[in-house]
Each structure stands twice: as structure tokens, then as C-alpha cells.
Amino acid sequence: MKKKIILTLIGVVCALCCAFGLVACGNDPAPRPQYLLASETGEQPDHGEHNININITYGEKPDLTKYKLYLDYSNGDIKPLDFNDDKLQVKYSYMPFHADAETPIDKLPDEYFAGTYTIEYTYDTLTNFEQQARVYINVDQAGSGAFTVRPTKATWYKNETTPNVALTNPKNLTVTYVQNSDDTQWQTNDGNGNYALYYIKKAAYDAFTEAQKTDYEFIYNFYSADSVKTEHEIWQYYSGHPGFEPGEYMLFAMIDRTHNYWHVVSSAVQITVKDVFVGRTFTFQSMVLQDGDGNPVTDTGNEYVAMTESMNTSNQGKTVICKENGEVRGTVDFGNGAFDELTGDDVYKYRRHDTSIFYLINASDVAIAEGKLSGNTLTLKMELSTALYWVITFTC
């Protein structure tokens, strides 16, 4: 009897164990995704690894094959996720360089501007921050670029104000100067920026290596060291300011920043500053006859009146040039033949007084006319008699 009871109890226990076992197997839920993970391609992600950083420089494109997505399941399994999975949602945003707010965008761009692009992945109902995967594409500003300075003219004269200079960016757009700007105002096409223009003696520039010519820090240090010297080789350039000494210089820009660039030195262009008079072409404009008080003389009975009118007509558009050898040449003709055709003692010469006055000298070394330069107008006053003068104007 005792033996029967024991066997019965064993049977009941076995039955209960089987029953509980069957219930447990039948109700155990399938593993479910809990987290969306991201990892670099070829690496197994760790639990809780949600973010990937891709670092590039402006002008480059990110390699979007560098990462994979995975699902972290409730049973501890981590399995790869196909980017084409129907339950995967994607959002994009862009935050400009140094800004603090993201702006939603529809898709990734063809051109990546400096700043941060974010790809945000969400899987099915996993919407909490911890359950999203993010890829951050960090775009650094470029330290080099084909910026170009474009002066309105590359040759001018000592007494002229310096010509205006435009700066164009690698997209051939003119860069508008801004002194200070918050990041929302920097144009993504680099159409504005903070920069300064410099001119340096050509001989000094030519002594730089090719690497030094585009090295922002090197040029900055060279300028700083030069500023305390007695004899200078480099100066900051301002358009519309008084001109500087004759010579050959190289003009370039140091771009502190635009939206996509930082500390860039532009290519340089050669500029030549010439003497006020030497080698400069002046074009005849008019000749008038005046008396000693500066009044026009129009009396047709005066032999000089008709002569003046004739020469005023015949010399229109003709030129006069002060040559380096001290001669005055050109196509004008004041009655003795065109200056270019004169030979021997008939050749006129000139003598400088200062940066705005010169004297026309004849074969006897006598000054027969005084020339005064004001801006781009040269006025030549030639005495005909004690009471009559020719006043001749040229422009350059």
C-alpha cells in the first residue's frame, strides 16, 4: 500500500512538471527589438551604441557605406538591419557651422556645407531618444581654396589713388566684405566673408616657397614682424587711398573666414606702380589762346587765333609721353612737326619739379612751357609772347 502511494505521488509530480513545462513553452513571447544600434561597417556594435560620427572637410563627400544599422533584441541578440526595411524611418537635418539650431531638410545635399548634417533613424515604434540611431556628418571649413583678387587695373601711377579690388571665391562669385557677422548671416555660397588685402614687394614675395605663399600663419607672422621694421616690404592695401611708391608688388587677400573656408590665402596678382610722368601717355583734349589775365582771345585779326583753332582740330586724340631718357615724344604737333618725328636738337625734353609739375625744355635748355598735373588732367601753359599763352589740356 505504501509503495502504491509513493508511485502515485511520483506520477502526479511528473504530470505537473510536464504541464508547467508545456504552458511555459507555449506562452513564451518571441524576442522583440528594443534598441536601434549603429556601428562602423565590419564592427559588431555594443549594447547602447546609437551614434556614428563621419568627419569630412568642405569640398569632400561622406562615405555612407562606413556604417551599418542593427536591432538589439530582448533576448540579447543583435542582428543587422536592412536600410530598405519598411519599418525603418529616416529624417535629415542641418546645423550650420557654430550655430546651435538644427533645420530639417528633405534629403542629404549634393554639396555639403560646413556644419553638421544629421541622419536620424527610427525603427517601427521605437521612438524614444535612446532607441534612435544617429549619424552625424561633421563638415569642417576648408583651409585652402581658389580665391582670387581682381584689381580694376594692374598698373597705375604714384599720384593716383589705389584702384578698387574685388575678391572672388572658388565659385567665381564676388565676396562682400563683412566685419562681424553671426553664423546665420554667413552665406553658404561664400558670397560674403571677413578678409583683408595686402601688397608686398615682388622681390620679397618671390623669395617665398610655394607652400609659404598660401600659408596663412606664415604670411601673418611675416606681416607682424615687418610692421616693426624701419624699411617695410609688406603693407595692408586699401582701395581708394593715396598711391604708393613706384615699383612692382604682389597683391593678395588673407581670408579670415567665409561660411565654408577658414584662414585661406588667395593667389596673388602683380601690380605695377609707375612714376607720375615717366612713361605715361597723355591724350590731347584742347588748345585755347589766352591773354596774360587768363581771358580767352578770340579776335580774328590776331594771327594766333586761327593758328590755335587749326592746331586744336588737328591734334584731337593725339598723344604726348615723357620718356625715361628725358625726351618728350608722342604724336602731337605744335607747329614744328610731330614729336615722334623730331630729331637732334629739335627733340623736346622735360625737367621734373615735383610729383605734379614739369617743364617742357627746348634745344637751348630753356623752359618754354609749364605742365601741371591734377588728377588725370595735365595742363600745359606755353608762352607765345609777353601777353599771349597757349593753354593745352591732356588727360590720361
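A polar contact is a pair of N or O atoms within 3.5 Å, where, within protein, one atom must be able to donate a hydrogen and the other to accept it. The exercises below concern a predicted model.

**Exercise 1.** Locate threonine 258, decide whether it is buried or exposed, and find the polar contact made by its side chain.

*Solution.* Begin with the chain: threonine 258 sits in the loop between strand 15 (247–257) and strand 16. Next, take its relative accessible area, which is 0%; because buried means under 20%, threonine 258 is buried. Then turn to the side chain, which makes a polar contact with the side chain of aspartate 190 at 2.8 Å. Finally, leaving aside neighbours within four places in sequence, the residues in contact with threonine 258 include Asp190, Trp186 and Phe147.

**Exercise 2.** Describe the largest cavity by its volume and by the residues that line it.

*Solution.* The count gives 1 cavity of 30 Å³ or more, and the largest cavity holds about 60 Å³ of space. Its lining includes Val320, Phe334, Leu360 and Leu380, and the elements giving two or more residues to that lining are strand 22 (357–361) and strand 24 (377–383). Sorted by type, the lining residues are 10 nonpolar, no polar and no charged.

Terms used:
Residues numbered from 1 in each chain as written. Predicted model: local features only at pLDDT ≥ 70, side-chain atom pairs only at ≥ 80, totals over all residues. Heavy atoms only, no water. 1 Å grid on protein atoms, 1.4 Å probe; cavity = no way out; pocket = protein on both sides within 12 Å on 5 of 7 lines; lining within 4 Å. Points joined across faces, edges and corners; volume = space filled by probe spheres on them. Helix = DSSP H or I, 4+ residues; strand = E, 2+ residues; numbered from the N terminus. Nonpolar A, V, L, I, M, F, W, Y, C, P; charged D, E, K, R; others polar. Buried < 20%, exposed > 50% of the residue type's maximum accessible area, 1.4 Å probe, protein only. Contact = heavy atoms within 4.5 Å.
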